[in-house]
Amino acid sequence: MSTTSESARRRTVRRRIAAVGALALACSLGASVASATGGSLPLLNRVAQGKVDKPGGAARLDGDQTQLIRNSLKSGKVRNVILFIGDGMGDSEITVARNYLEGAGGAFKGIDALPLTGQMTHYSVNKDTGLPDYTPDSAATGTAWATGTKSYDGAISVDRFGKSHKTLLELAKKKGFATGDVTTSEIQDATPAVQVAHVSSRSCYGPEATSKTCPEDALENGGSGSITEQLLKTRPDVTIGGGSATFDEVAKAGKWKGQTLAAQAKRRGYNYVTDKESLAGVRSADQDRPLLAVMAPGNMPVKFAPSTATHGGALEAAQTCTRNPDFAQVPALPAMTNKAINLLSGNKAGKKNGFFLQVESASIDKQDHAANACGQIGETEQLDLAVQKALQFAEKDGHTLVIVTADHAHTSQIVDGNTPGLTTKLKTREGSEMVVSYNTAEAGGSQQHTGTQLRVAAYGPEAGNVVGLIDQTDLNGIISRSLALR
């Protein structure tokens with residue numbers, strides 16, 4: 001056989017192997033076509049085919065999925081990337097929320113609709129030794145995808161030696177893309193901070209904490225300043241979240257010394273808004289007048305009022321999640337996401353080059369730490385609704401890559417009954433009872449992260465890059481390559 005023929009044969013074998021892998025993936029996902037018309041890529045409807053107690057009723061797969069996967073793998077130019085992070089949203093947290101909100105045979109219309117899915121490893125490294133830390137925090141994990149570099153817990157886009165590395169948002173802005181950073185936490189919190197700042201400790205929100213905890217980063221010591229001060233310098237087109245309290249602090253050095261960070265933001269040309277109604281009225285955001293919307297003094301209120309996990313909670317009457325009255329005071333995550341997409345896609349840079357947007361549902365994690373099942377369920381629902389907004393835009397646009405994943409896993413578990421730890425019994429929409437257990441801290445303590453691999457899913461051009469086993473740092477490469485950032 002000639003060398004040319006042998007090369008052709010090998011290429012054919014590789015293509016067949018890839019096709020078989022894609023088919024196996026489709027079968028494992030249990031996907032069915034929602035729509036593949038009009039030239040747009042397919043989304044999935046994963047709802048069970050019938051009543052789950054009937055023969056075949058629980059099946060989610062409807063026929064051969066080979067063509068659907070082929071359609072999902074169609075390539076094209078990526079102009080926009082929307083990266084969704086469910087903080088602490090491991091497979092267990094997704095399942096708890098799905099069971100409660102949609103039922104055992106139900107499916108999320110956003111999170112579960114993405115056609116290409118993989119698994120993602122996540123871990124940090126020890127600051128002194130560089131050895132793996134298997135249960136990372138949100139700062140190290142965010143640093144991993146923002147910069148492509150593993151670092152220690154608490155690090156904000158610096159490596160274990162303290163060296164800063166450019167973030168996806170910084171690179172995108174330098175290349176002429178519109179940029180945005182949206183969260184339900186304080187905008188200085190770890191996940192949003194990794195895109196806009198470089199500090200040695202995640203707690204260095206403002207000048208006061210930075211002088212004490214990160215003195216090498218403080219402006220008065222010749223550093224780059226606190227997270228908030230660096231955010232103002234990085235200057236994304238759109239920033240939305242909580243954290244207004246830090247803007248009351250006063251700069252200790254530099255051009256804006258003696259002024260509050262809020263006053264500084266306004267003098268630097270930011271459209272600084274602090275309430276729901278003002279945000280709704282914003283019609284444009286760009287480098288001439290970037291949007292800085294801080295909707296709460298700290299983290300934003302969550303959607304559902306707390307449930308209670310106790311010793312023996314599984315033996316008590318089942319609880320039902322109720323609306324948190326404070327939630328109406330702030331914009332919901334899907335509204336913030338939709339606002340950011342409209343502003344970024346509509347400004348001059350977005351129209352010319354495209355945009356990069358990171359969106360976080362932060363309090364899945366925070367409510368999981370508090371052993372609050374209803375709290376984490378409501379914040380998972382917020383993420384799902386936000387993903388739906390992004391998919392609506394991406395379907396119409398045709399050049400938008402949407403990625404949905406988590407920063408780390410968490411501690412909630414669906415169990416059969418009472419445990420030695422804390423438990424909550426919930427009444428789901430189907431009328432069944434679901435017991436959720438928290439066993440990594442006592443009542444009043446903080447439940448721990450877990451190190452299990454994470455789900456990662458994608459839609460749009462180049463979405464196939466998330467398939468199989470990837471590492472968290474691969475997100476940086478996938479996004480960087482898709483937008484040609486490096």
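To start: is Ser138 buried or exposed? Ser138 is buried, with a relative accessible area of 4%. Here buried means under 20% relative accessible area, exposed means over 50%, and partly exposed is in between, using a 1.4 Å probe and protein chains only.

Some housekeeping. This is a predicted model, in which local features need pLDDT of at least 70 and side-chain atom pairs count only at pLDDT 80 or more, while totals for chains, interfaces and linings use all residues. Residues are numbered from 1 along each chain as its sequence is written, and side-chain values use heavy atoms, with hydrogens and water left out.

Ser138 belongs to helix 4, residues 138–147. Helices are DSSP runs of H or I with at least four residues, strands are runs of E with at least two, and both are numbered from the N terminus.

Next, another serine. Ser363 lies in helix 13, residues 363–369, and is buried with a relative accessible area of 2%. Setting aside neighbours within four places in sequence, Ser363 is in contact with Thr184, Val302 and Glu379.

Now the whole chain. It has 15 helices and 17 strands, and 58% of its 486 residues count as buried. The radius of gyration, taken over C-alpha atoms, is 23 Å, which agrees with the value near 23 Å for a compact globule of 486 residues. That rule is 2.2 Å times the number of residues to the power 0.38. Along the principal axes, the C-alpha atoms fill a box of roughly 70 × 70 × 50 Å. Of the contacts between residues at least 6 apart in sequence, 71% join residues at least 24 apart.

That is the tour; I will take questions now.

Note on methods: Contact = heavy atoms within 4.5 Å.
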